Amino acid sequence: MTVGDVDDLPTIADDLVVTKYKMAAEIVNKVLKEMVEACKPGCSVRDLCILGDKKLVEETGKAFKKDKKLTKGIAFPTCVSCNNCICHYSPLNSEPDSTLSDGDLVKLDMGAHIDGFIAVVAHSFVIGASADNPVTGRKADAMMAAHLASEAALRLVKPGNENLEVTETVHKVGEAFECKPVEGMVSHQLEQNKIDGDKTILHSLTEAQSKEHDTFNFGLHEAYAVDVLVSTGDGTNKEKDSKTVIFKKTDMTYMLKMKTSREFLSQVTKTYGSMPFNLRNMAEEKKARMGVVECVKHQVIQPFHVLYEKEGTFVAQFKFTVLLMPNGPQKITGLPFDAALYKSEKTIEDGEIQTLLKQSANPKAAKKKKKAAEKAVSEETAEKPVEVVEDMDAAPTLVEQ
């Protein structure tokens with residue numbers, strides 16, 4: 001597709017666009033669930049990342065088979081980041097691997113798209129946690145803070161509300177559990193073929209209150225990837241020894257000098273377009289590692305660095321895709337959270353946030369809209385109607401029993 005003026009981009013005001021978002025969401029939810037089940041002590045993190053990407057490609061390949069021009073596939077490569085590793089860990093075949101251990105706080109992050117309509121998700125859990133063996137201490141604090149902060153954000157990302165209100169509330173929830181939102185992390189508006197839209201929600205209250213950051217009100221028929229990362233440390237991040245492996249093409253242009261770089265950029269443009277990709281999934285990993293250097297130097301390719309908090313801290317993450325529909329915000333990605341597995345001694349005492357979290361996050365029923373969307377995709381593909389995902393969140397548990 002040729003991306004023209006932003007105003008020309010299709011939005012979720014179109015039934016078919018809603019269905020494509022929900023098809024992508026159904027795929028990431030299915031793959032995420034399978035990946036959570038596959039995470040066992042002793043498992044190779046690299047093998048898990050490869051498995052996740054393979055499943056995303058397989059599942060997206062089943063959609064709109066008759067439309068050969070329609071693009072689909074991975075919108076964000078599978079990452080498995082543990083404990084104090086904040087994000088983007090997905091080691092190359094040529095790099096050292098790591099394995100999962102009992103008690104690890106694991107963050108799974110991935111995304112898929114259908115026709116450029118992106119659904120992303122991230123989910124945290126602790127390996128070995130059960131009702132008989134619940135997680136306690138700082139790990140439980142991080143998990144509950146991230147979960148409840150994401151639930152609060154879901155109830156605030158709706159037409160008319162301001163982005164700064166989300167930042168402030170996430171900060172307050174973190175404080176209740178003596179945790180901090182991770183600095184430098186941003187939630188973006190989603191648009192067709194664009195995972196990092198111009199409208200953003202910053203994590204850090206200090207950054208959000210700076211004059212450089214624009215405040216805005218959420219609008220009807222917008223889509224967002226709301227990403228909440230909470231740390232038991234001071235919320236800072238830094239790079240360590242792990243190589244950056246995830247990149248994406250930018251809108252910048254530059255006459256690259258090296259043939260390897262030009263070939264690399266050409267392959268990226270043809271295979272991934274503007275979607276993030278893992279160097280491991282390129283045809284030749286060694287050549288890709290060489291070609292990406294000049295591209296990053298001249299900003300035609302953007303890196304997603306592997307980031308870490310301080311050793312001994314824990315970072316939990318929940319990311320979901322939400323569609324701002326006329327009948328209310330619809331959260332379309334994410335797995336249910338089992339609060340019985342996490343026993344924090346801390347709780348939210350802020351009355352306003354307690355009231356907010358008691359609100360239902362389910363939009364009013366819109367059966368006609370759903371049927372219209374199924375009919376639209378049926379006509380488009382001449383295939384059987386796709387069952388779109390229903391919303392999944394009632395009011396979360398506020399206080400642990």
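Modeller: A cavity is a set of grid points where a 1.4 Å probe fits but cannot get out. Keep in mind that this is a predicted model.

Biologist: How many cavities of 30 Å³ or more does the structure hold?

Modeller: Rolling a probe the size of a water molecule over the atoms shows where empty space is left. The largest cavity has about 60 Å³ of space. With 30 Å³ or more as the limit, the number of cavities in the structure is one.

Biologist: Which elements each supply at least two residues of the lining of the largest cavity?

Modeller: The lining includes Val166, Thr167 and Val170, as well as Ile201, Leu202, Val226, Asp227 and Val228. By class, the lining has six nonpolar, three polar and one charged residue. The elements that each give at least two residues are helix H4 (163–176), strand E7 (200–202) and E8.

Biologist: Which residues lie nearest the centre of the largest pocket?

Modeller: The largest pocket holds about 550 Å³ of space, and 24 residues line it. Strand E6 (186–190), strand E8 (223–231), strand E12 (301–304) and strand E14 (315–325) each give two or more residues to this lining. The lining has twelve nonpolar, seven polar and five charged residues. Nearest the centre of the pocket are His88, Val186, His188, Asp227 and Phe304.

Biologist: Are the rings of phenylalanine 218 and tyrosine 224 stacked or edge-to-face?

Modeller: A pair of aromatic rings is described by the distance of the centres and the angle of the planes. The structure holds nine aromatic pairs. In the pair of phenylalanine 218 and tyrosine 224, the centres are 5.2 Å apart and the planes stand at 90 degrees. Planes over 60 degrees apart count as edge-to-face, so this pair is edge-to-face.

Biologist: What kind of aromatic pair do phenylalanine 337 and tyrosine 342 form?

Modeller: Their centres are 5.4 Å apart, with 20 degrees between the planes. Planes under 30 degrees apart count as stacked. The pair of phenylalanine 337 and tyrosine 342 is stacked.

Biologist: Is phenylalanine 337 buried or exposed?

Modeller: Phenylalanine 337 is in the loop between strand E15 (328–331) and helix H8 (351–358). Its C-alpha atom is 9.1 Å from that of serine 124, although the two are 213 residues apart along the chain. Buried means under 20% relative accessible area. The value for phenylalanine 337 is 19%, so this residue counts as buried.

Biologist: Which ring has the charged end of lysine 319 over it?

Modeller: A charge sits over a ring only if it is within 6 Å of the ring centre. Lysine 331 lies over the face of phenylalanine 320, at 5.4 Å from the ring centre. For lysine 319, the distance is 5.3 Å, and the ring is that of phenylalanine 76.

Technical notes:
Residues are numbered from 1 along each chain as its sequence is written. This is a predicted model: local features need pLDDT of at least 70, side-chain atom pairs count only at pLDDT 80 or more; totals for chains, interfaces and linings use all residues. Side-chain values use heavy atoms; hydrogens and water are left out. Rings of Phe, Tyr and Trp (its six-membered ring) pair if their centres lie within 6.5 Å; planes under 30 degrees apart count as stacked, over 60 as edge-to-face and the rest as tilted. Buried means under 20% relative accessible area, exposed over 50%, partly exposed in between (1.4 Å probe, protein chains only). A charge sits over a ring if NZ of Lys or CZ of Arg is within 6 Å of the ring centre and within 35 degrees of the ring normal. On a 1 Å grid over the protein atoms alone, a cavity is a set of points where a 1.4 Å probe fits but cannot get out, and a pocket is an open set with protein on both sides within 12 Å along at least five of seven lines; lining residues have an atom within 4 Å of a point. Grid points are joined across faces, edges and corners, and a volume is the space filled by probe spheres set on the points. Helices (H or I, at least four residues) and strands (E, at least two) are DSSP runs, numbered from the N terminus. Ala, Val, Leu, Ile, Met, Phe, Trp, Tyr, Cys and Pro count as nonpolar, Asp, Glu, Lys and Arg as charged, and the others, Gly among them, as polar.
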